[in-house]
Amino acid sequence: MTIQPIDTTNIAKGIGPNVSPEAFTNDKRKVFLFGSPSYTNIGDQAIAYSIEKFIQSRFPYYEYIEIMDYATDEGIEFVKGIIHEDDIVMFTGGGNLGSLYLDIEEDRRKVFAAFKDYKSISMPQSVFFEDNEHGEQEKKKTQEAYHQNKNLVIAARESQTLDVVRNTFESEVMYTPDMVMSLDVIPREQEREGVMFFLRADKEKVMEEDFVSELMEWTKKFGSVDRTDTVLDENIVPNIDYADREKHFIEMLDLISSKKLIITDRLHAMVFSIITKTPCLVFGNSYGKAKHSYRDWLDSINFVEYTDSKDVELLEKMVEKLMKAEPNEVDLRKDFKPLVDFFRS
(Lines give C-alpha, C1' and ligand atoms only; values in the text may rest on other atoms or scores of the structure.)
Protein backbone atom coordinates (compact mmCIF):
# COMPACT_ATOMS: atom_id res chain seq x y z
CA MET A 1 0.00 0.00 0.00
CA THR A 2 1.38 3.40 -0.98
CA ILE A 3 1.52 6.04 1.74
CA GLN A 4 -0.42 9.07 0.60
CA PRO A 5 1.08 12.51 1.25
CA ILE A 6 -0.51 14.24 4.23
CA ASP A 7 -0.36 17.81 5.42
CA THR A 8 2.01 17.76 8.39
CA THR A 9 1.99 21.55 8.79
CA ASN A 10 -1.50 21.78 10.28
CA ILE A 11 -1.76 18.86 12.70
CA ALA A 12 -3.97 19.48 15.73
CA LYS A 13 -2.23 20.02 19.06
CA GLY A 14 -1.93 16.79 20.99
CA ILE A 15 -1.45 14.52 17.98
CA GLY A 16 2.03 13.00 18.08
CA PRO A 17 3.60 15.36 20.64
CA ASN A 18 6.37 12.79 21.09
CA VAL A 19 7.42 12.59 17.42
CA SER A 20 8.50 14.73 14.50
CA PRO A 21 6.10 15.11 11.53
CA GLU A 22 8.17 12.64 9.51
CA ALA A 23 7.08 9.87 11.89
CA PHE A 24 3.58 9.92 10.44
CA THR A 25 4.73 9.01 6.93
CA ASN A 26 7.82 6.83 7.36
CA ASP A 27 7.86 3.12 6.49
CA LYS A 28 7.85 1.82 10.08
CA ARG A 29 4.87 0.00 11.58
CA LYS A 30 2.91 2.34 13.80
CA VAL A 31 1.67 1.94 17.36
CA PHE A 32 -0.86 4.61 18.30
CA LEU A 33 -1.51 5.30 21.99
CA PHE A 34 -4.81 7.09 22.56
CA GLY A 35 -5.87 8.62 25.88
CA SER A 36 -2.44 9.91 26.89
CA PRO A 37 -3.36 11.93 30.00
CA SER A 38 -3.15 15.69 30.31
CA TYR A 39 -4.74 15.72 33.78
CA THR A 40 -2.66 15.89 36.94
CA ASN A 41 -2.86 12.33 38.26
CA ILE A 42 0.81 11.36 38.47
CA GLY A 43 -0.09 7.69 38.62
CA ASP A 44 -1.72 7.90 35.19
CA GLN A 45 1.11 10.08 33.92
CA ALA A 46 3.55 7.40 35.09
CA ILE A 47 1.55 4.73 33.25
CA ALA A 48 1.82 6.62 29.95
CA TYR A 49 5.53 7.20 30.61
CA SER A 50 5.96 3.47 31.27
CA ILE A 51 4.10 2.45 28.12
CA GLU A 52 6.39 4.66 26.05
CA LYS A 53 9.52 3.16 27.64
CA PHE A 54 8.12 -0.37 27.30
CA ILE A 55 7.49 -0.04 23.56
CA GLN A 56 10.62 1.92 22.69
CA SER A 57 13.02 -0.29 24.65
CA ARG A 58 11.67 -3.62 23.41
CA PHE A 59 10.29 -2.80 19.95
CA PRO A 60 12.42 -0.14 18.26
CA TYR A 61 11.05 -1.24 14.89
CA TYR A 62 7.71 0.39 15.76
CA GLU A 63 6.98 4.10 15.39
CA TYR A 64 5.29 4.91 18.69
CA ILE A 65 2.84 7.84 18.40
CA GLU A 66 0.80 9.30 21.26
CA ILE A 67 -2.57 11.04 21.02
CA MET A 68 -3.33 13.25 24.01
CA ASP A 69 -6.72 12.85 25.70
CA TYR A 70 -7.88 16.33 24.66
CA ALA A 71 -7.22 15.46 20.99
CA THR A 72 -9.15 12.18 20.83
CA ASP A 73 -11.68 13.21 18.17
CA GLU A 74 -9.11 14.93 15.97
CA GLY A 75 -6.70 12.07 16.58
CA ILE A 76 -9.19 9.44 15.43
CA GLU A 77 -9.76 11.27 12.14
CA PHE A 78 -6.05 11.87 11.63
CA VAL A 79 -5.03 8.29 12.35
CA LYS A 80 -7.74 6.99 10.02
CA GLY A 81 -5.85 8.77 7.24
CA ILE A 82 -2.47 7.14 7.90
CA ILE A 83 -3.10 3.78 9.57
CA HIS A 84 -2.08 0.57 7.77
CA GLU A 85 -3.44 -2.92 8.25
CA ASP A 86 -0.51 -4.12 10.38
CA ASP A 87 -0.50 -1.11 12.73
CA ILE A 88 -1.70 -1.30 16.35
CA VAL A 89 -4.17 0.90 18.25
CA MET A 90 -3.82 1.18 22.04
CA PHE A 91 -5.70 3.00 24.76
CA THR A 92 -3.69 3.89 27.84
CA GLY A 93 -3.86 1.89 31.06
CA GLY A 94 -5.07 2.88 34.52
CA GLY A 95 -8.13 2.46 36.68
CA ASN A 96 -10.74 4.23 34.60
CA LEU A 97 -12.45 1.54 32.51
CA GLY A 98 -16.04 1.49 33.72
CA SER A 99 -18.70 3.85 34.97
CA LEU A 100 -16.72 6.07 37.39
CA TYR A 101 -14.77 8.18 34.88
CA LEU A 102 -17.10 8.47 31.93
CA ASP A 103 -15.19 11.15 30.01
CA ILE A 104 -12.29 8.72 29.64
CA GLU A 105 -14.49 5.67 29.08
CA GLU A 106 -16.43 7.46 26.34
CA ASP A 107 -13.16 8.21 24.55
CA ARG A 108 -12.10 4.58 24.88
CA ARG A 109 -15.39 3.43 23.35
CA LYS A 110 -14.95 5.83 20.42
CA VAL A 111 -11.40 4.63 19.72
CA PHE A 112 -12.11 0.91 19.79
CA ALA A 113 -15.25 1.27 17.67
CA ALA A 114 -13.49 3.56 15.16
CA PHE A 115 -10.61 1.11 14.65
CA LYS A 116 -12.58 -2.13 14.77
CA ASP A 117 -10.65 -3.56 11.81
CA TYR A 118 -7.22 -3.10 13.43
CA LYS A 119 -5.29 -4.93 16.11
CA SER A 120 -6.31 -3.12 19.32
CA ILE A 121 -5.47 -3.30 23.01
CA SER A 122 -6.69 -1.68 26.19
CA MET A 123 -3.48 -1.48 28.21
CA PRO A 124 -3.50 -2.89 31.78
CA GLN A 125 -6.58 -1.61 33.57
CA SER A 126 -8.68 -2.00 36.67
CA VAL A 127 -12.33 -2.28 35.64
CA PHE A 128 -15.31 -1.22 37.73
CA PHE A 129 -18.95 -0.74 36.86
CA GLU A 130 -21.15 0.43 39.73
CA ASP A 131 -23.71 -2.09 40.93
CA ASN A 132 -26.73 0.10 40.17
CA GLU A 133 -28.86 1.21 37.24
CA HIS A 134 -26.30 3.78 36.11
CA GLY A 135 -23.51 1.20 36.16
CA GLU A 136 -25.58 -1.30 34.19
CA GLN A 137 -26.50 1.29 31.55
CA GLU A 138 -22.87 2.30 31.07
CA LYS A 139 -21.75 -1.33 30.97
CA LYS A 140 -24.13 -1.97 28.06
CA LYS A 141 -22.78 1.08 26.19
CA THR A 142 -19.23 -0.15 26.69
CA GLN A 143 -20.13 -3.67 25.59
CA GLU A 144 -21.80 -2.33 22.43
CA ALA A 145 -18.70 -0.31 21.52
CA TYR A 146 -16.09 -2.94 22.38
CA HIS A 147 -17.93 -5.83 20.76
CA GLN A 148 -17.78 -4.07 17.41
CA ASN A 149 -14.02 -4.66 17.56
CA LYS A 150 -13.27 -8.35 17.10
CA ASN A 151 -9.53 -7.57 17.23
CA LEU A 152 -9.62 -6.10 20.74
CA VAL A 153 -7.58 -7.45 23.65
CA ILE A 154 -8.30 -6.15 27.16
CA ALA A 155 -5.41 -6.34 29.62
CA ALA A 156 -6.41 -6.75 33.28
CA ARG A 157 -3.87 -5.65 35.88
CA GLU A 158 -5.23 -7.65 38.84
CA SER A 159 -7.27 -10.82 39.40
CA GLN A 160 -10.46 -9.05 40.42
CA THR A 161 -10.50 -7.18 37.10
CA LEU A 162 -9.60 -10.37 35.21
CA ASP A 163 -12.81 -11.95 36.48
CA VAL A 164 -14.88 -8.87 35.63
CA VAL A 165 -13.51 -8.68 32.07
CA ARG A 166 -14.09 -12.39 31.44
CA ASN A 167 -17.68 -12.10 32.67
CA THR A 168 -18.46 -8.83 30.90
CA PHE A 169 -16.82 -8.81 27.47
CA GLU A 170 -16.43 -11.09 24.46
CA SER A 171 -12.92 -9.73 23.89
CA GLU A 172 -9.73 -11.67 24.40
CA VAL A 173 -8.33 -10.96 27.87
CA MET A 174 -4.73 -10.68 29.03
CA TYR A 175 -3.43 -10.72 32.62
CA THR A 176 -0.38 -8.60 33.37
CA PRO A 177 0.71 -6.08 36.06
CA ASP A 178 0.27 -2.32 36.04
CA MET A 179 2.63 -0.79 33.49
CA VAL A 180 4.59 1.24 36.06
CA MET A 181 5.84 -2.05 37.47
CA SER A 182 7.65 -2.62 34.16
CA LEU A 183 9.91 0.40 34.65
CA ASP A 184 13.62 0.04 35.27
CA VAL A 185 14.27 3.26 37.20
CA ILE A 186 17.10 4.10 39.60
CA PRO A 187 15.83 6.94 41.82
CA ARG A 188 18.07 9.51 43.46
CA GLU A 189 19.32 8.60 46.91
CA GLN A 190 18.33 11.18 49.50
CA GLU A 191 18.34 11.79 53.21
CA ARG A 192 15.02 10.51 54.56
CA GLU A 193 12.95 12.47 57.07
CA GLY A 194 9.40 12.16 58.33
CA VAL A 195 6.19 10.61 57.08
CA MET A 196 4.04 11.43 54.06
CA PHE A 197 0.39 10.49 53.70
CA PHE A 198 -0.80 10.16 50.09
CA LEU A 199 -4.58 10.05 50.40
CA ARG A 200 -7.41 10.17 47.90
CA ALA A 201 -9.89 13.03 47.81
CA ASP A 202 -12.06 11.60 45.03
CA LYS A 203 -15.05 9.26 44.57
CA GLU A 204 -12.89 6.22 45.44
CA LYS A 205 -12.01 7.49 48.92
CA VAL A 206 -13.17 5.32 51.85
CA MET A 207 -10.76 6.26 54.67
CA GLU A 208 -12.54 8.24 57.38
CA GLU A 209 -10.97 11.50 58.47
CA ASP A 210 -11.07 10.66 62.18
CA PHE A 211 -9.02 7.55 61.47
CA VAL A 212 -6.60 9.53 59.29
CA SER A 213 -6.12 12.07 62.10
CA GLU A 214 -5.37 9.28 64.56
CA LEU A 215 -2.80 7.79 62.20
CA MET A 216 -1.16 11.14 61.59
CA GLU A 217 -0.88 11.74 65.33
CA TRP A 218 0.93 8.51 66.21
CA THR A 219 3.29 8.69 63.23
CA LYS A 220 4.74 11.96 64.57
CA LYS A 221 7.26 9.88 66.49
CA PHE A 222 8.99 9.29 63.14
CA GLY A 223 9.44 13.01 62.48
CA SER A 224 7.43 15.56 60.54
CA VAL A 225 4.07 14.38 59.18
CA ASP A 226 2.64 15.80 55.97
CA ARG A 227 -0.32 15.01 53.74
CA THR A 228 -0.68 15.23 49.98
CA ASP A 229 -1.95 13.19 47.02
CA THR A 230 -0.53 11.71 43.84
CA VAL A 231 -2.94 14.03 42.02
CA LEU A 232 -1.43 17.51 41.83
CA ASP A 233 -3.46 20.57 42.80
CA GLU A 234 -4.96 21.92 39.56
CA ASN A 235 -4.79 25.46 40.96
CA ILE A 236 -1.00 25.10 40.96
CA VAL A 237 -0.53 22.74 38.00
CA PRO A 238 -3.60 23.05 35.72
CA ASN A 239 -2.53 20.26 33.38
CA ILE A 240 0.45 18.14 32.36
CA ASP A 241 1.25 17.84 28.69
CA TYR A 242 3.61 15.30 27.17
CA ALA A 243 6.66 17.59 27.43
CA ASP A 244 6.35 17.91 31.23
CA ARG A 245 5.33 14.36 32.07
CA GLU A 246 8.76 12.97 32.95
CA LYS A 247 9.63 16.01 35.10
CA HIS A 248 6.53 15.63 37.28
CA PHE A 249 6.99 11.88 37.57
CA ILE A 250 10.61 12.23 38.72
CA GLU A 251 9.61 14.95 41.19
CA MET A 252 7.07 12.55 42.71
CA LEU A 253 9.71 9.82 43.04
CA ASP A 254 12.05 12.34 44.66
CA LEU A 255 9.37 13.32 47.17
CA ILE A 256 8.65 9.73 48.15
CA SER A 257 12.33 8.77 48.36
CA SER A 258 12.89 11.64 50.81
CA LYS A 259 10.55 10.07 53.40
CA LYS A 260 11.04 7.41 56.05
CA LEU A 261 7.49 6.12 55.67
CA ILE A 262 4.56 6.39 53.25
CA ILE A 263 0.96 5.77 54.27
CA THR A 264 -1.49 5.68 51.39
CA ASP A 265 -4.71 4.49 49.79
CA ARG A 266 -3.26 5.12 46.32
CA LEU A 267 -2.09 2.22 44.15
CA HIS A 268 0.67 4.24 42.54
CA ALA A 269 1.96 5.71 45.79
CA MET A 270 2.52 2.06 46.73
CA VAL A 271 4.26 1.35 43.41
CA PHE A 272 6.39 4.50 43.68
CA SER A 273 7.36 3.41 47.20
CA ILE A 274 8.54 0.07 45.80
CA ILE A 275 10.58 1.82 43.09
CA THR A 276 12.23 4.05 45.73
CA LYS A 277 12.47 1.30 48.39
CA THR A 278 10.45 3.38 50.85
CA PRO A 279 8.52 1.61 53.64
CA CYS A 280 4.81 1.86 52.85
CA LEU A 281 1.55 0.98 54.59
CA VAL A 282 -1.34 0.64 52.13
CA PHE A 283 -5.08 0.94 52.70
CA GLY A 284 -7.90 0.29 50.25
CA ASN A 285 -10.00 2.35 47.85
CA SER A 286 -13.70 1.83 47.11
CA TYR A 287 -13.29 -1.23 44.90
CA GLY A 288 -10.05 -2.91 45.84
CA LYS A 289 -7.55 -2.17 43.07
CA ALA A 290 -4.62 -1.51 45.45
CA LYS A 291 -5.54 -4.54 47.56
CA HIS A 292 -5.68 -6.94 44.63
CA SER A 293 -2.60 -5.51 42.91
CA TYR A 294 -0.67 -6.01 46.14
CA ARG A 295 -1.90 -9.55 46.71
CA ASP A 296 -1.52 -10.63 43.08
CA TRP A 297 1.95 -9.26 42.38
CA LEU A 298 3.63 -7.61 45.37
CA ASP A 299 3.02 -9.50 48.62
CA SER A 300 6.61 -10.80 48.67
CA ILE A 301 7.88 -7.23 49.18
CA ASN A 302 9.04 -6.99 52.79
CA PHE A 303 8.84 -3.21 53.22
CA VAL A 304 5.27 -2.75 51.94
CA GLU A 305 2.11 -4.08 53.59
CA TYR A 306 -1.54 -3.89 52.64
CA THR A 307 -4.08 -3.80 55.47
CA ASP A 308 -7.76 -3.22 56.16
CA SER A 309 -7.16 -3.01 59.90
CA LYS A 310 -8.06 0.06 61.97
CA ASP A 311 -6.39 -1.28 65.10
CA VAL A 312 -3.73 1.36 65.73
CA GLU A 313 -1.72 -0.89 68.03
CA LEU A 314 -1.54 -3.55 65.32
CA LEU A 315 -0.69 -0.93 62.70
CA GLU A 316 2.16 0.40 64.83
CA LYS A 317 3.69 -3.09 64.92
CA MET A 318 3.30 -3.38 61.14
CA VAL A 319 5.03 -0.07 60.56
CA GLU A 320 7.90 -0.88 62.90
CA LYS A 321 8.45 -4.16 61.01
CA LEU A 322 8.37 -2.40 57.63
CA MET A 323 10.86 0.22 58.71
CA LYS A 324 13.31 -2.37 60.04
CA ALA A 325 13.24 -4.49 56.86
CA GLU A 326 16.21 -4.59 54.52
CA PRO A 327 14.36 -3.81 51.26
CA ASN A 328 14.09 -6.77 48.92
CA GLU A 329 13.30 -6.96 45.21
CA VAL A 330 10.44 -8.34 43.15
CA ASP A 331 11.07 -9.41 39.56
CA LEU A 332 7.93 -9.13 37.44
CA ARG A 333 9.60 -9.27 34.03
CA LYS A 334 8.14 -12.69 33.21
CA ASP A 335 4.65 -11.42 34.06
CA PHE A 336 4.80 -8.93 31.18
CA LYS A 337 5.49 -11.74 28.68
CA PRO A 338 1.86 -11.80 27.41
CA LEU A 339 2.19 -8.11 26.55
CA VAL A 340 5.59 -8.64 24.92
CA ASP A 341 4.14 -11.48 22.85
CA PHE A 342 1.22 -9.29 21.77
CA PHE A 343 3.53 -6.67 20.26
CA ARG A 344 5.87 -9.26 18.75
CA SER A 345 3.11 -11.01 16.84
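In the predicted model, the largest cavity is lined by Gly95, Asn96, Leu97, Gly98, Ser99, Leu100, Tyr101, Ser126, Phe128 and Tyr287. The volume of this cavity is about 30 Å³. A search of the whole structure returns 1 cavity of 30 Å³ or more. Two elements, strand 4 and strand 5 (119-128), each contribute at least two residues to the lining of the largest cavity. Strand 4 provides the largest share, with 4 residues. When the residues of this lining are sorted by class, 5 are nonpolar and 5 are polar, while no charged residues are present.

The largest pocket has a volume of about 870 Å³. Its lining consists of 34 residues, and those nearest the centre of the pocket are Leu183, Asp184, Val185, Ile275 and Glu329. Helix 1 (42-58) and helix 8 (267-276) are the elements that give two or more residues to this lining. Of the elements, helix 1 gives the most to the lining of the largest pocket, namely 5 residues. By class, the lining of the largest pocket comprises 17 nonpolar, 7 polar and 10 charged residues.

The second largest pocket holds about 590 Å³ of space. It is lined by 29 residues, of which Tyr39, Asn41, Asp44, Tyr101 and Ile104 are the closest to its centre. Two or more residues of the lining of the second largest pocket come from each of helix 1, strand 4 (94-98), helix 3 (102-114) and helix 8. Helix 1 and helix 8 are also named among the elements that give two or more residues to the lining of the largest pocket. The lining of the second largest pocket divides into 7 nonpolar, 10 polar and 12 charged residues. Tyr101, one of the residues closest to the centre of the second largest pocket, is also listed in the lining of the largest cavity.

The analysis then turned to the strands. In general, strands of a sheet pair through backbone hydrogen bonds, and the pairing may be parallel or antiparallel. In this model, 5 strands form an open sheet with parallel pairing, in the order 9-8-10-11-12. Strand 9 (225-228) and strand 12 (304-306) are the edge strands, each of which pairs on one side only. On average, neighbouring strands of this sheet are turned by 15° against each other, direction ignored. Strand 11 (residues 280-282) and strand 12 run parallel and are joined by 3 bridges. Within this pair, Cys280 has Val304 of strand 12 as its bridge partner. Helix 10 (residues 312-324) lies across strand 10, strand 11 and strand 12, and runs at about 140° to strand 11.

Lys259 is found in the loop between helix 7 (242-257) and strand 10 (261-264). Lys259 counts as buried because its relative accessibility is 9%, and the term buried applies under 20%. When its neighbours within four places in sequence are left aside, Lys259 is in contact with Arg192, Glu193, Gly194, Val195, Met196, Asp226 and Thr278.

Technical notes
Residues numbered from 1 in each chain as written. Predicted model: local features only at pLDDT ≥ 70, side-chain atom pairs only at ≥ 80, totals over all residues. Heavy atoms only, no water. 1 Å grid on protein atoms, 1.4 Å probe; cavity = no way out; pocket = protein on both sides within 12 Å on 5 of 7 lines; lining within 4 Å. Points joined across faces, edges and corners; volume = space filled by probe spheres on them. Nonpolar A, V, L, I, M, F, W, Y, C, P; charged D, E, K, R; others polar. Buried < 20%, exposed > 50% of the residue type's maximum accessible area, 1.4 Å probe, protein only. Contact = heavy atoms within 4.5 Å. Pairing = 2+ DSSP bridges. Axes fitted to C-alpha atoms, helices over the stretch in contact; angles between N-to-C directions.
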